[in-house]
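The questions below set each value against its rule.

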Amino acid sequence: RTVTLTREASPLDPNPDTGAMAELGWNVFASKACQLGHKLIKALGSVMVLVVLGVIGLTYYTTVVLVYGPRTEEPGTEGKFATIVLVVYHGLILMVLWSYFACVLTDPGRVPDGWYPPPEDEEEAVESSKSNSEKRRRFCRKCAAWKPERCHHCSVCGRCVLKMDHHCVWVANCVGAYNYKFFLLFLTYTLVAAVFDAAVLLSSFVAFFKDLEIQREEGAAGSSGERRAETEAEVGRGMVAVFVTFVLDVAFAASLLGFIIMHVNLNLSNMTTIEMYEKKKTLPWRYNLGRHKNFQEVFGTSVGMWFVPVHSRDHLRRLLDISRLSGGGYPEMEGDGLDPSSRPSRAGDSPKGLSGRFASAQPAGRGEQGGGTRGKEI
């Protein structure tokens, strides 16, 4: 009789299964590769900030220094038109830079320290039909802490972000609850500035090619060969600057147009980019309050504040309630001027909180010492 002996695999076995080892090795490699990729994306963000400032500097040099600056000294309508162009251009560039740095430097929305979810017995009966963003009791394993609904962990920033839309390398920051308005304003003002700059440079773009030979002849008349070479080089630099600036203006305007249309639709639907790509959604979308209130939830109710990258006092109070849309709270709520017993305020509602207190412009939990956000009012 033949007897077959088998032996169970042991974790102390000196010759473990090669398939399991290969899978373990691949998981370790993938984890290290993801970490390296996140570090590269974070480093790339700083480079992209310099790229944005470089493009703005190029358009400024071409439009102000090279083309329209010298024309302001000419008499008649041409000089007045050049002055108007420069005034409008500087106003647009100011708003572009203001919106851009507001988006770069503003914390997108940190989860308040010690945030806790609503009690488990308040959980809705059916959880399988809801997307991950809609669940009220969610635990982030990477942060080892509870996180509110519509909150997601950013692997590049290494933390959870309230109402996270996406991580943008162009602003070297996440786009979330506190800087989404600034991000939309940056896109809008950049599109308007690019279209305006392309329009005012169009005549110069065409004129540089038409008048190139004339300018060379005028510069070379009665001059030496060295003077002629200097004139041709100067004309060539100007032509290249106008050409590159015009092409960049058109390219940015074309690419931004589609991006802005997408975000306008998301804003009017009260949906983020992450939520748009989630497969499970409760339809109709539970956060959709109507186009007008959806817009107010991002830009606030004060019309005058819609066009500047600053949050009004009332809107700051509502942003503090982002972390407790359907329950939950944190220890420093009263210190931030919020009433733990009241329901969170939404767009169009009167701000709710404790009398005599008001939350600062700094997002909840951003302070170094804890979850409080006291500071200066806007």
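On a 1 Å grid over the protein atoms alone, a cavity is a set of points where a 1.4 Å probe fits but cannot get out, a pocket is an open set with protein on both sides within 12 Å along at least five of seven lines, and lining residues have an atom within 4 Å of a point. This is a predicted model, in which local features need pLDDT of at least 70 and side-chain atom pairs count only at pLDDT 80 or more, while totals for chains, interfaces and linings use all residues. Residues are numbered from 1 along each chain as its sequence is written, and side-chain values use heavy atoms, with hydrogens and water left out.

Q: Which residues lie nearest the centre of the largest cavity, and how many line it?
A: The lining has 16 residues, and K163, Y180, N270, T272 and V298 are the ones nearest the centre. Two or more lining residues come from each of α5 (225-269), α7 (291-299) and α8 (313-320), where helices are DSSP runs (H or I, at least four residues) numbered from the N terminus.

Q: Why is W170 called partly exposed?
A: Buried means under 20% relative accessible area and exposed over 50%, with partly exposed in between (1.4 Å probe, protein chains only). W170 has 37% relative accessibility, and therefore counts as partly exposed.

Q: What makes up the lining of the largest pocket, by class?
A: Ala, Val, Leu, Ile, Met, Phe, Trp, Tyr, Cys and Pro count as nonpolar, Asp, Glu, Lys and Arg as charged, and the others, Gly among them, as polar. On that rule the lining has 18 nonpolar, 3 polar and 2 charged residues, and α3 (180-210) gives the largest share, 7 residues.
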